[in-house]
Amino acid sequence: MDATALAANFENKLAKNENIEPKDWMPDNYRKHLIRQISQHAHSEVVGMLPEGNWITRAPSLRRKMVLLAKVQDEGGHGLYLYSAAETLGISREELLHQLLSGKAKYSSIFNYPTLSWADMGAIGWLVDGAAIMNQVMLQRTSYGPYARAMVRICKEESFHQRQGYEIMSVLAAGSPEQKAMAQDALNRFWWPTLMMFGPSDANSANSENAIKWKIKRESNDQLRQRFVNQTIPQAELIGLTIPDAQLKWNEAKQGYDFGEPDWEEFNQVIHGNGPCNKERLGARLKAHDDGKWVREAAAAYASKRKLVAA
Ligand code: FAQ
């Protein structure tokens, strides 16, 4: 097929909502866009293990510890599926990791905030995983096959994560005044950074136009943020916690809540490396990479030995 026919074939598949698969022809910019988004997503899952990993040894009971451990391991698994999905686009795992460890690649802003109390485990599960699902449900129908398929399993696991977080928050909110205050404080600190997870407003979202055109994203940053707010307010009310937003108000006409504007200056600082924990997070990943060097070397030596035996 000539270039025009290949491009027409690609557009045709998108129009029919058929997946684009790794061996299909695709425009270079589509490939680049996907590598950027999928790898940022993978890095987010892996760096996202750190804030919760901080509380594994201090979980208040064996049950809580087992659940948290399982959840953090799930996030590591999500990172692996997503790195594999990115690799199908022709970039190596080494290059992807280099981009993260050199500070070139972005990962979700939310993981640059500290986890100061046990209630933060509740807030992360409830809000951060809740926001992640809101975004990822649409990604199950993203146009690139390997990414869409990875999202199906990831969404199932994120749904359990969201429930375990909300359960932690509801137990604390129904506990002693100190426990309830701890839950409220976690909500106060995580609310605005969670809203920022959806990315800048549509007017300032440089990548959205292509993402929507290519059916990589099926809904915009603002639409998803609005849906998350609508879904979360009744959940907060049910357990007697207050959303820290004086502008929050039900809007009958739009059948949704009006809410305040996140601090976009703070968001810009965080995504450019100047958030409260950016250096700590990258430092932890660099250390993990160095500590794992002998494992990579041993695995490579074993693989070449097996190749020799097979030859
Ligand atoms: N943080 O033009 P847009 C999780 C960047 S998974 C950092 O609107 P786009 C699970 C953006 O990259 C959480 N950077 O970009 C879990 C772009 O910069 P670039 C991760 C952000 O791609 C839970 C620039 O700003 N989820 O949490 C952020 O159309 C608990 C302009 O933005 C995903 O990655 C941000 N929040 O929309 C794990 C889902 N927002 O690349 C552990 C897949 C924007 O041009 C514990 N990703 N930027 O230099 C997406 O849906 C999209 O990439 C968005 C951004 C919505 C994140």
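Leaving aside its neighbours within four places in sequence, with which residues is M169 in contact?

Reply: The model is predicted: local features need pLDDT of at least 70, side-chain atom pairs count only at pLDDT 80 or more, and totals for chains, interfaces and linings use all residues. Residues are numbered from 1 along each chain as its sequence is written, and side-chain values use heavy atoms, with hydrogens and water left out.

Once neighbours within four places in sequence are set aside, M169 is in contact (heavy atoms within 4.5 Å) with A119, G122, A123, W126, A183, A186, L187, I239 and L241. M169 belongs to the largest nonpolar core, which has 68 residues. Such a core is a set of buried (under 20% relative accessible area, 1.4 Å probe, protein chains only) Ala, Val, Leu, Ile, Met, Phe, Trp, Tyr and Cys residues joined through side-chain atoms within 4.5 Å. Together with Y30, I38, Y144 and W191, M169 is among the residues with the most contacts inside this core.

Helices here are DSSP runs (H or I, at least four residues), numbered from the N terminus. Those giving two or more residues to the core are α1 (3–15), α2 (28–47), α4 (62–87), α5 (93–101), α6 (119–139), α7 (145–173), α8 (177–196) and α10 (221–238). Helix α6 supplies the largest share, 11 residues. Apart from this core lies another, of five residues, including Y113, M196, W264 and F267.

Definitions and conventions
Buried means under 20% relative accessible area, exposed over 50%, partly exposed in between (1.4 Å probe, protein chains only).
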